[in-house]
Amino acid sequence: MTQATNLPAPLCRILVKRGVAAENAAAFLAPTLRDLLPDPHDLRDMEKAAARFLKAVKARERIAIFADYDVDGGTSAALLICWLRDMGLAATLYIPDRIDEGYGPNDAAMAALARDHDLIICVDCGTLSHGPIAAAVGADVIVLDHHLGGETLPECVAIVNPNRQDETGDLGHLCAAGVVFLMLVEANRQMKSEGAKGPDLMSALDLVALGTVADVAPLIGVNRAFVRQGLTVMGHRQRIGITALSDVAGMNEAPNSYHLGFLLGPRVNAGGRIGKADLGARLLATNDRNEASALAERLDQLNTERRDVEAAVRDLAIDQAEARGFDGPLVWAAGDNWHPGVVGIVAARLKEASNRPAVVIGIDADGIGKGSGRSVSGIDLGAAIQRLASEGLLIKGGGHKMAAGLSVEGGKIEAAMTRLGELLAKQGADKIGPADLRLDGILMPAAATVELVKQIEQAGPFGAGAPAPRFVFPDVQILFAKTVGANHLKLTFGDGLGARIDAISFGAMDGPLGPLLTTHGGARFHLAGRLEINTWQGRQSVQLRLEDASPAA
């Protein structure tokens with residue numbers, strides 16, 4: 001690969017591991033929608049969905065958007081709201097309250113929307129909502145979703161979902177925002193065939209990128225182009241809501257996938273988790289600067305509150321799960337009054353700690369448990385939870401391979417989790433060993449230049465399904481180490497030949513890594529992590545996001 005492309009050896013090693021052939025390297029490093037965008041007609045019901053959508057636009061019908069309360073739902077709703085606004089139409093936004101209504105459409109909300117609207121579009125939800133969609137008497141319903149479908153589908157105009165059971169699954173990596181974007185592509189095509197022109201879609205890719213990364217969709221195929229080009233769009237700072245949120249989050253550099261997943265995404269999510277459910281979607285869709293500023297400030301405050309709530313639940317859940325054991329096919333915890341807005345985040349923490357599928361359940365005053373689960377690679381949690389619901393152990397449940405939600409009677413939690421563990425064991429969840437730290441190569445400090453890091457970043461964006469490459473720096477000396485913040489570690493290391501690199505390890509002081517390196521006593525170490533560019537006062541330097549260390553002796 002290196003000889004054929006003249007690219008740096010570390011970059012070529014990454015490309016080979018991604019299965020990229022030398023003749024395809026240039027195209028892989030510059031993913032474009034032109035090359036990667038699938039034909040919207042590859043998805044069932046797409047043509048019908050776009051046709052009914054355009055019929056509503058032409059007739060100036062009353063349109064309602066029923067969206068999930070997470071980032072994917074918010075970005076999906078904002079895509080439709082902004083497209084319709086460009087066409088001179090105002091849509092009604094409805095996002096259910098996480099605590100009072102739970103996930104997805106419900107009978108009362110759908111019936112109420114149907115009384116005042118001609119068309120209801122469910123985004124990031126609806127595929128399993130037979131009853132609520134039937135309750136929407138007098139209105140047509142379109143579903144644009146990506147969650148795992150059941151054996152039967154609700155009766156409505158169209159259900160566009162790459163994870164319907166009668167789909168090939170080739171586009172199963174799309175999030176809901178990606179599905180909505182494809183529907184708008186099809187709508188614009190149908191308008192063009194009639195001699196009309198639809199709104200610009202390239203400028204909407206920032207929303208698609210945010211939804212894709214925040215929903216942890218695999219960064220493969222067209223998702224790579226969505227995120228790569230969406231980040232470019234976001235860098236132009238044209239979307240008022242995202243710009244306001246970036247400013248309150250302290251983003252002072254060009255956006256990347258880390259910013260989407262860890263700075264912007266959690267703040268958009270904060271409204272649905274512990275505040276008013278529609279705050280995030282409203283921020284993403286607004287064209288009013290004052291409203292954008294106020295909403296961004298509120299979401300930032302809610303995100304701070306969310307961290308405090310999460311920390312309290314996390315400590316209780318980890319203690320309970322550890323007492324139950326981390327060696328089974330499922331790690332789970334449940335507790336009274338655990339806030340349903342943070343159980344998903346805590347489940348992710350349990351998954352990371354155990355390298356097992358994890359479920360965390362909060363039990364409300366009525367004795368109903370509302371839980372969220374996160375899975376590990378190779379284990380389909382959504383299918384298992386859907387099976388559990390069909391067996392009657394859950395009130396309802398569903399999701400996709402890596403994440404799922406459920407509602408369960410308090411008295412059935414123990415039996416439900418035992419059965420879920422059995423289903424996951426059949427997939428091999430109990431045979432998973434400790435998480436491997438997979439390395440992509442060895443580097444000496446002098447080789448880790450800003451230019452090299454920029455070339456490696458061309459193989460991105462990195463994230464779910466496409467992890468950032470991890471390098472090891474062998475036999476280096478710790479030159480400086482100190483604790484920063486509450487539990488983070490900052491250090492500088494070198495090889496004794498003059499080159500030195502700064503490193504940061506978040507949360508290192510909560511485990512063995514931080515104490516090991518701060519009390520090094522002059523010992524030498526092998527250090528492993530991911531390279532990034534740190535920008536400070538206009539100067540760029542290489543920084544190692546340190547993940548692990550081992551004594552070199």
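## Cysteines

Counting disulfides (pairs of cysteine sulfur atoms within 2.5 Å) gives zero here. As background, a disulfide is a covalent bond between the sulfur atoms of two cysteines. Take Cys-125: its nearest cysteine sulfur belongs to Cys-122 and lies 5.1 Å away, and Cys-125 is in no disulfide. Cys-125 has 0% relative accessibility, so it counts as buried, a word used for under 20% relative accessible area, with exposed over 50% and partly exposed in between (1.4 Å probe, protein chains only). Cys-175 is in no disulfide either, with the sulfur of Cys-125 as its nearest, 14 Å away. Cys-175 is buried, at a relative accessible area of 0%.

## How the model is read

This is a predicted model, in which local features need pLDDT of at least 70 and side-chain atom pairs pLDDT 80 or more, while totals for chains, interfaces and linings use all residues. Residues are numbered from 1 along each chain as its sequence is written, and side-chain values use heavy atoms, leaving out hydrogens and water.

## An open sheet

Now for the strands (DSSP runs of E, at least two residues; helices are runs of H or I, at least four, and both are numbered from the N terminus). Five of them make an open, mixed sheet ordered β6-β7-β8-β10-β9, where pairing takes at least two DSSP bridges between two strands.

β9 joins β10 (residues 403–409) in the antiparallel sense through four bridges. Lys-396 has Ser-407 in β10 as its bridge partner.

## A helix on the sheet

Helix α16 (residues 343–354) packs on this sheet and touches β6, β7 (358–363) and β8 (368–374), contact being heavy atoms within 4.5 Å.

Notes
Axes fitted to C-alpha atoms, helices over the stretch in contact; angles between N-to-C directions.
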